[in-house]
Amino acid sequence: MPLNSLEDLLIEKLQDIHSAEEQLVEALPEMARAASHPHLQRALQKHSEQTHVHVQRLEKVMMSLDARPAGKRSKAMNSLIEEGEEFFKKAGKDSVKDIALICSAQKVEHFEISAYGSARALARLLGREEMAAVLTETLDEESKADADLTAIAHTIHSQALVGHHF
């Protein structure tokens, strides 16, 4: 699709985010199974459930633009997921692998935070405040997931230092 307007750009960005979220719907359950620490497993499972909601929200937003959510595959998300898979398929100490999983998951979160932030800015530029509010809701959830992963990383690191095994 040619980029002749900010609305065209917004649609392109939303399609990319939709693709990214669809890829996460597939990847997050696998990441949760690969995690050893129960807090990390729960966090990844929770984010998997939220991701389904994010996909539904995006589809409603796209309908308001008379646009199809499909259309492209997010190359960035594909690369982030592949990079994360490299870590959890390696042999090694569970706590170290869990920290590696968190690092990969946070890269994903930061990508999503950036993507939703950009889409929200475009929606605001176009005067689509209701759409911006929906994107803000998801952006806030992505930021919370990132903060939760940081807290879990501190817990895992602290437990590893004192010799607790999980």
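**Figure 1. The largest pocket of the predicted model.** The largest pocket has a volume of about 200 Å³; the model in which it is found is a predicted one. Its lining is made up of 17 residues, and those nearest the pocket centre are A43, H47, Q50, A145 and D148. At least two lining residues come from each of α1, α2, α4 and α5. Helix α5 provides the largest share of this lining, namely six residues. Sorted by class, the pocket lining holds ten nonpolar residues, five charged residues and two polar residues.

Figure 2. The model contains one cavity of 30 Å³ or more. The space within the largest cavity amounts to about 40 Å³. The residues that line the largest cavity are M31, L80, I81, G84, E85, F88, S104 and V108. Two helices, α3 (75–88) and α4 (94–125), each contribute at least two residues to the lining. The largest share is that of α3, with five residues. Five of the lining residues are nonpolar, two are polar and one is charged.

**Figure 3. Surroundings of S104, a residue of the cavity lining.** S104 belongs to helix α4 and is one of the residues lining the largest cavity. Its relative accessible area is 4%, and S104 therefore counts as buried, the limit for this class being under 20%. When residues up to four places away in sequence are left out, S104 is in contact with G84 and F87. G84 is also among the residues that line the largest cavity.

**Figure 4. The largest nonpolar core.** This core comprises 23 residues, and the members with the most contacts inside it are M31, L40, L44, M77 and I102. Two or more core residues are given by each of α1 (6–34), α2 (38–64), α3, α4 and α5 (129–161). The greatest contribution, six residues, is that of α1. A further core of 18 residues lies apart from this one and includes I17, L58, L65 and A123. In soluble globular proteins, nonpolar side chains tend to be buried together.

**Figure 5. Contacts of L40.** Residues up to four places away in sequence being excluded, L40 touches A35, D98, L101, I102, L149 and I152.

**Figure 6. Helix α4 and the residue G127.** Helix α4 consists of 32 residues. From its first C-alpha to its last, α4 reaches 46 Å, close to the 46 Å expected at 1.5 Å a residue. G127 follows α4 and has a positive phi, near 75 degrees.

**Figure 7. D66 in the loop between α2 and α3.** D66 is located in the loop that lies between α2 and α3. Although D66 is not a glycine, its phi is positive, at about 55 degrees. With a relative accessible area of 75%, D66 is classed as exposed, because the cut-off for exposed residues is over 50%.

Notes: Residues are numbered from 1 along each chain as its sequence is written. This is a predicted model: local features need pLDDT of at least 70, side-chain atom pairs count only at pLDDT 80 or more; totals for chains, interfaces and linings use all residues. Side-chain values use heavy atoms; hydrogens and water are left out. On a 1 Å grid over the protein atoms alone, a cavity is a set of points where a 1.4 Å probe fits but cannot get out, and a pocket is an open set with protein on both sides within 12 Å along at least five of seven lines; lining residues have an atom within 4 Å of a point. Grid points are joined across faces, edges and corners, and a volume is the space filled by probe spheres set on the points. Helices (H or I, at least four residues) and strands (E, at least two) are DSSP runs, numbered from the N terminus. Ala, Val, Leu, Ile, Met, Phe, Trp, Tyr, Cys and Pro count as nonpolar, Asp, Glu, Lys and Arg as charged, and the others, Gly among them, as polar. A nonpolar core is a set of buried Ala, Val, Leu, Ile, Met, Phe, Trp, Tyr and Cys residues joined through side-chain atoms within 4.5 Å. Buried means under 20% relative accessible area, exposed over 50%, partly exposed in between (1.4 Å probe, protein chains only). Contact means heavy atoms within 4.5 Å. The expected span of a helix is 1.5 Å times one less than its number of residues.
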